[in-house]
Amino acid sequence: GLPRRWLERIIDTRASDVTRAQPATMADLEAYAEGTAGAMGYATLELLGVRDLHADHVVSHIGKAVGIATVLRGTVFHTRKRHVYLPVAVTAKHGLSVQSILDGKSSPALLDSVLDVATVAKS
């Protein structure tokens, strides 16, 4: 089955969803992505018996990218639940308020914020 430590990491990371706290920085969002999607990748490696530093490095990048892409894809759903995953530092940079995100209205500031986050996911 799924290695316990990775399942616990996923649960611990997802526990932050309960507080509905907006990530402060891009690093916080990346940590969330790696703690969820990345942990699934690490668990898969462990289940397959792969113990390789290069594979771990690849999973780290893939986990962050998949996790961030998942958050972006779910933006409309999350805003309906009053939860914003776009980091404060990114939204502030573009003058985007949490309320405008929660209102669900598109704007240049929202598109620029999403682009900044997506660019990190790609790298």
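Reply: Helices are DSSP runs of at least four residues, numbered from the N terminus. The model is a predicted one. In the largest pocket, H4 gives the largest share of the lining, 4 residues. Helix H3 (26–47) and helix H4 (53–73) are the elements that give two or more residues to that lining.

Me: What makes Trp6 and Tyr42 a stacked pair?

Reply: Ring centres must lie within 6.5 Å to pair, and planes under 30 degrees apart count as stacked. Trp6 and Tyr42 have 5.0 Å centre to centre and 25° between the planes, so the pair is stacked. Trp6 lies in helix H1 (residues 4–14) and Tyr42 in helix H3, so the pair ties together parts that are 36 residues apart in sequence.

Me: Why is the pair of Tyr32 and Tyr85 called tilted?

Reply: The centres are 5.4 Å apart and the angle between the planes is 45°. Stacked needs under 30 degrees and edge-to-face over 60, so this pair falls to the rest, called tilted. Tyr32 is in helix H3, and Tyr85 is in the loop between helix H5 (75–80) and helix H6 (88–93), 53 residues apart.

Me: How do you know whether Tyr32 is buried or exposed?

Reply: Buried means under 20% relative accessible area. Tyr32 has 12%, so Tyr32 is buried. Tyr85 has 8%, so Tyr85 is buried as well.

Me: Which kinds of residue line the largest pocket?

Reply: The lining divides into 4 nonpolar, 5 polar and 3 charged residues. Tyr32 and Tyr85 are among the lining residues. The pocket holds about 170 Å³ of space.

Definitions and conventions: Residues numbered from 1 in each chain as written. Predicted model: local features only at pLDDT ≥ 70, side-chain atom pairs only at ≥ 80, totals over all residues. Heavy atoms only, no water. 1 Å grid on protein atoms, 1.4 Å probe; cavity = no way out; pocket = protein on both sides within 12 Å on 5 of 7 lines; lining within 4 Å. Points joined across faces, edges and corners; volume = space filled by probe spheres on them. Nonpolar A, V, L, I, M, F, W, Y, C, P; charged D, E, K, R; others polar. Phe/Tyr/Trp six-rings, centres within 6.5 Å; stacked < 30°, edge-to-face > 60°. Buried < 20%, exposed > 50% of the residue type's maximum accessible area, 1.4 Å probe, protein only.
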